[in-house]
Amino acid sequence: MNDDRRRALISQPQRRSLWILFLLLPAIVVMTLFVVWPLLSALRFAFYEFNGLSPSQFVGLENFRKVLFEEPFSDWTYNAFCHNVIVFFALMVFENGTAFLIAFALLKGLPGHRIHQVIIFLPVVLSSVIVGFLWKLFLHPMFGLVNGALALIDIQGPAWLGSESTALGSIIFANIWHWLGFPTLVLLAGMQRISAEVIEAARLDGAGDYVLLRRIIWPLIAPSVTIVCILTFIGSFNWFEIPYVMAGLTGSPGGSTDVLGLYFYRTAFGSVSSGIQDFGQGSALAVLMFLFVAGFSFVGLRFLRRREIQL
Amino acid sequence: MKNSSEWFKNGSIQALLVLNALIMLYPLVVMVLSSFKKNAEIFTAPFALPESFGFDNLQKVWDQTNFVRYMLNSLGVTAASIVLILVFGTMAAYAIARYEFRWSGAVLMFFISGMTIPLKLAIIPLFIQLDTLHLVDTYAGLVLVYVAMGLPSAVFIMTGFLRTLPRELEESARIDGANELLIMLKIMLPLARPAMVIVAIQNAVPIWNDFFFPLILITSDDLKTLPQGLTVFIGEFTTDWGVMFTGLTLAALPITLLYIVLSKQFIAGITQGAVK
């Protein structure tokens, strides 16, 4: 009797702790095994030379030196990095710029604006592989839809994906078609949060569309702009699927569409054309990409947040 | 005067919007129409309607490829991942949101910090890790990676939602003598269904569409997922455009249909997923 009561007294909070532990454990175990541990290892591996799948020897900063300063690796790194920078600026101007204008047009609530939101978001839910192949077929120099349309008005279209001057731009275009709906609806949601009275008041004061956009909407959607910019930045430097599908693993033609994502994949897992495969250099590249993206995102976020307050 | 210029302006904005809608939709329409055509028809009359709506291409896809297999694989992997994300995520979120314990803040931070990490960049150690566990080239390995990727935001969203539920509900059940498991399953979780839908959609779309992880983790043709299988498929039929368009159409079909039915939840889930 006495024993029973004592056990009940002790086991009540214990049973509660066990219950909480039971609830937390599966999620924590999965996260530890497949996020925390790989992430810590990724940092460590960058300082090792690899023999197949296992790190064999500590080599200090050697992998970083190779990737950044030793030919031909440094050339490849630099070439891919420049393309990522181009992609970022092109997406900021053409994708987000277009998205901003469409969002403002949709804000007017003209007939059909709801169905337009559904249509513009449709490509977003499709796989990048589908979108990439679709545009690869459409951009085919002889049988593609794009050059077929140009032929109707007597223009001989170029081999979009086959020539160095147009390949990267064509892939960026396919990417914009794929993702345009995303920034559009994020910015539109930001605009819709502005209270109708504020816009009404500005209208009564005689503000036209331009003044309304510049003085009222632009400052008030600053938080949405911040999100779109940061996500565009992260997306541009992790770009992989669409260039992989449209230009192949080597960024053809002649490396003119090579980006860090493809270059990282080739270094880590090899490719048909180059059998070399190096986990050490791959890890160094991954660490550098992570530091670059995280660092600039952090600085950019602070800058954009401060801007939000000033506006 | 003011009215007519206003009318003109709205008219031109409307015209531009219609043009944009055409640019977004027309490529998909051509994709579907071309799936009924043969090469000759696609090359000579790319803009025309197909001469007949036959199923020759579909027959080829059905007979000569692993396409159905790829689609079932994707379905299985996505469903398993979503179920595990919901179960594990809700369990953890429930503990954090409904009980007071010493490390609850730290545990929540642990999950939230996971949201900021691009797991793709840790693919090398992840690959080695899965290799030592003998999970490379298995469904389980792929599913576990997706679960690890989806858990942080699932815990974050579910915790936020579960915290808003009133305490009185569980207190009164507790007084009636119900145990904790029963309270969670019968009283609290049915109320959390809207948040679960958001979590499910937010994770289902990127997992269903993912190409990167299967590319590295899956090598057997029988285990390949749809986006990955599509690259195999298109590699085999590079000269048969009708079949390629059929493959693309079939691959796009399931998620497009689901999107048309649930467009509001899709848009909310995907844009919120980014805005969190």
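Helix 12 of chain B (residues 226-236) has as its buried residues B:L226, B:P227, B:Q228, B:G229, B:L230 and B:F233. Here a residue is buried when 20 or more other C-beta atoms lie within 10 Å of its own, exposed when there are 12 or fewer, and partly exposed in between, with C-beta atoms placed from the backbone. Helices (H or I, at least four residues) and strands (E, at least two) are DSSP runs, numbered from the N terminus. The model is predicted, so local features need pLDDT of at least 70 and side-chain atom pairs count only at pLDDT 80 or more, while totals for chains, interfaces and linings use all residues. Residues are numbered from 1 along each chain as its sequence is written, and chains are lettered from A and ligands numbered from 1 in the order in which they are written.

The buried residues of helix 12 of chain B pack against helix 5 (128-138) of chain A, and also against helix 4 (67-98), helix 10 (193-209), helix 11 (212-217) and helix 13 (241-261) of chain B. B:F233 lies in this helix and counts as buried because it has 25 C-beta neighbours inside 10 Å. Leaving aside neighbours within four places in sequence, B:F233 is in contact (C-beta atoms, placed from the backbone, within 7 Å) with B:T65, B:F67 and B:G247. By comparison, B:L189 is 44 residues from B:F233 in sequence and 43 Å from it in space, C-alpha to C-alpha.

Turning to chain B as a whole, there are 14 helices and zero strands. The C-alpha trace of chain B spans about 75 × 70 × 35 Å along its principal axes. Of the 276 residues of chain B, 41% count as buried. Among contacts in chain B with a separation of 6 or more, 77% come from residues 24 or more positions apart.

The contact between the chains takes 58 residues from chain A and 68 residues from chain B. On the chain B side, helix 1 (residues 2-34) gives the largest share, 12 residues. That side divides into 54 nonpolar, 11 polar and three charged residues, where Ala, Val, Leu, Ile, Met, Phe, Trp, Tyr, Cys and Pro count as nonpolar, Asp, Glu, Lys and Arg as charged, and the others, Gly among them, as polar.

In chain A, helix 13 (residues 260-269) is largely enclosed by the rest of the structure, because nine of its 10 residues are buried. The buried residues of helix 13 of chain A pack against helix 3 (73-107), helix 11 (222-237), helix 12 (241-247) and helix 14 (279-310) of chain A, together with helix 6 (123-132) of chain B. A:G270, with a positive phi near 75°, follows helix 13 of chain A. Strand 2 (residues 54-58) of chain A, in contrast, lies largely in the open, because zero of its five residues are buried.

The mean pLDDT (the predictor's confidence in each residue, from 0 to 100) of chain B is 90, and 98% of its residues reach 70 or more. Within chain B, helix 14 (residues 263-275) has the lowest confidence, at a mean of 81, and helix 4 the highest, at 96. For the complex, the predictor gives an ipTM of 0.91 and a pTM of 0.91.

Terms used
Two residues are in contact if their C-beta atoms, placed from the backbone, lie within 7 Å.
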